[in-house]
Amino acid sequence: MNAAERKEIEELNASTILPNAVNVNIVLGENEEMLSKDEPIQNDEEIDLANDNEEEEEELEVDYSGFNKLQLVELLEETVNDSDVVKIKDKVTAIKVCFLKLNKEDRDKEMEQFILDGGDKESYEHKDDPLEVRFKAAFNIYKANKAKYNEILEQQKVDNHKQKLQILEELKQLIDSEETLKKTYDDFSALQERWKSIGQVPAAEISNIWNSYHFLVEKFFNKVKINRELRDLDLKKNLEAKIALCEKAEELLLEKSLTKSFKLLQKYHDEWKEIGPVTQDKKDEVWERFKNTTDKINQIRREHYAKIEEEQKANYDAKVAICEKIEEIVNEAATTINAYQKKSNEVNDLFKLWKQVGPIHKKQSDEIWNRFKTSMNSFFESKKEFFSKLKVQQMENYNRKLQICVEVENLKDSTEWKKTTDYIKKLQEEWKTIGPVPKRHSDKVWKRFRSACDEFFKNKAEHFSGIKGEEESNLKAKQEIIERIKAYELQKDRNQNMEAIRGFQREWMTIGHVPMKVKDAIQNEYRSLIDGLFDKMRSSDNEATTAEYRNIVSGMKEDPDSRDKVRRERTNLQNRIQKLRDEIATLENNIGFFANSKQSEILKAEYEKKILKIKNDVKVLEAKIKILNEQ
């Protein structure tokens, strides 16, 4: 040390500008104390370790949910032309999330249809469609550019490390320098600015180079004992910088995006570490302010993900309940077509309900889906086996009905009226005891059987019909009634209309046989006209009232096939009632799956309203059956 520097230091000491060594150590130790505080992250590399929920939230900040798969692929192909991966990262991620979601829905529908069509789940194999191929090709371009970017980034970190090592060497030389205090401090400040301007270094080198830097900084201050005025100015500037960071951190409390606020907070912590010490009297205060804000943001973040976890737990419980329900359905034996159809509807309803339930934790997703899918596959395999056996039985029934058709066709021209009538009726009774036939043959074989029976009984009726002249007279009388029905204008008084229609019906029934060749035609015309009058009198919803239905049934009495018509009508009503009751059972069962929430209460109210309406429909149908039973 030359004489001029020695004199300058002595003057500074005399004016008590320099702090003592102990105080300097305390002030300079502030950054080291920062490292021990409860900070959310310790280095830049940890930022990349954000959990899956944070990544998903960040991806959804750019919304392309309204795009279809083709639009997403075209947008991705256009986007990856920009090699700046940092610039397009969020956009590519958002496109990927939306595309994979749509693609998964398509695959699920494809597998669902494959299973519903009776396919074996083990033989199902998905093949990429052209859009998937294009998407993967475009995304690979982005991955390749990202790999190049990461390679450049890692090389930059290595270069940064070399630059910082160079600064450390220069610091060592500066500490050993014999230059004046002013020049030394200026050189030191320049080195500090250079240090701050250099970016990240490899993760493995962060701790060592940081400790070396602060060791040399403290050693520099201990050696040169920089004057208090410059030191105080530096402390003041550091305080202002840390207060500014406190204000920025406090603004993050209003930030809607948790991911954005968390990443910015990491950045502010990194900046905090780079700022030098502040005065002792403000040290704890400014740190507590910054730390309190950090704690609040971390608490908000923890509460957010706790809420997501709670919702996922509720969704998991709902899916477990659905699994238990479908397992119960699978374990219940079914021996009829209606039973299997009912179970199929229940399984399909559960599958629809499954798709309405929100997401669950990824670790549980595959397990619970496999459980549900296994039960669903088991049911459809059982159904497939049942219908395979049923198909064999139906073919046997079909062959027996064909034999009966042949027997009746051989008898249709017989004139042994009593003997043949008794035998055909016996065959008709046997026909009723035979089970169902394949649907594609059902109408055809029934029409063949009915046609042969009708031809025999038509021949019999013609044989025993009255005098031809009387039939012609009856025909004219019925034609006159038809003309009067056509000319009748409905009155406002409903009872008056009903009495007129009853009069037509009573008069029609008193008239005897008409020629067989026009019997069906004139009967159909009459029935069409009567039905037309009733149709005009029906309410806007086309449902006949009980009184109207009673009159319709009464009108069936004069029809030679009235017993068959009544039987078919009763069967039709009973089938409709059974379907409505099955629908009620399904709706009431589904209500049990709704969780206790405002939204579920609304859905539950809608279901109950629908159930009430269906029950009212059942009452109307039961009233009609009661009318049929009275006939």
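Start by selecting the lining of the largest cavity: by class it has five nonpolar, one polar and one charged residues. (Ala, Val, Leu, Ile, Met, Phe, Trp, Tyr, Cys and Pro count as nonpolar, Asp, Glu, Lys and Arg as charged, the others, Gly among them, as polar.) You're in a predicted model, where local features need pLDDT of at least 70, side-chain atom pairs count only at pLDDT 80 or more, and totals for chains, interfaces and linings use all residues. Residues are numbered from 1 along each chain as its sequence is written, and side-chain values use heavy atoms, with hydrogens and water left out.

A cavity is a set of points on a 1 Å grid over the protein atoms alone where a 1.4 Å probe fits but cannot get out; lining residues have an atom within 4 Å of a point. This one has a volume of about 40 Å³, the space filled by probe spheres set on the points. H6 gives the most to the lining, with three residues.

Next, stay on Met376. Leaving aside neighbours within four places in sequence, Met376 is in contact (heavy atoms within 4.5 Å) with Ile326, Val347 and Phe351.

Now widen out to the largest nonpolar core, 26 residues, where Ile322, Val347, Ile368, Phe372 and Met376 have the most contacts inside it. Such a core is a set of buried Ala, Val, Leu, Ile, Met, Phe, Trp, Tyr and Cys residues joined through side-chain atoms within 4.5 Å; buried means under 20% relative accessible area, with a 1.4 Å probe and protein chains only.

How values were computed. Buried < 20%, exposed > 50% of the residue type's maximum accessible area, 1.4 Å probe, protein only. 1 Å grid on protein atoms, 1.4 Å probe; cavity = no way out; pocket = protein on both sides within 12 Å on 5 of 7 lines; lining within 4 Å. Helix = DSSP H or I, 4+ residues; strand = E, 2+ residues; numbered from the N terminus.
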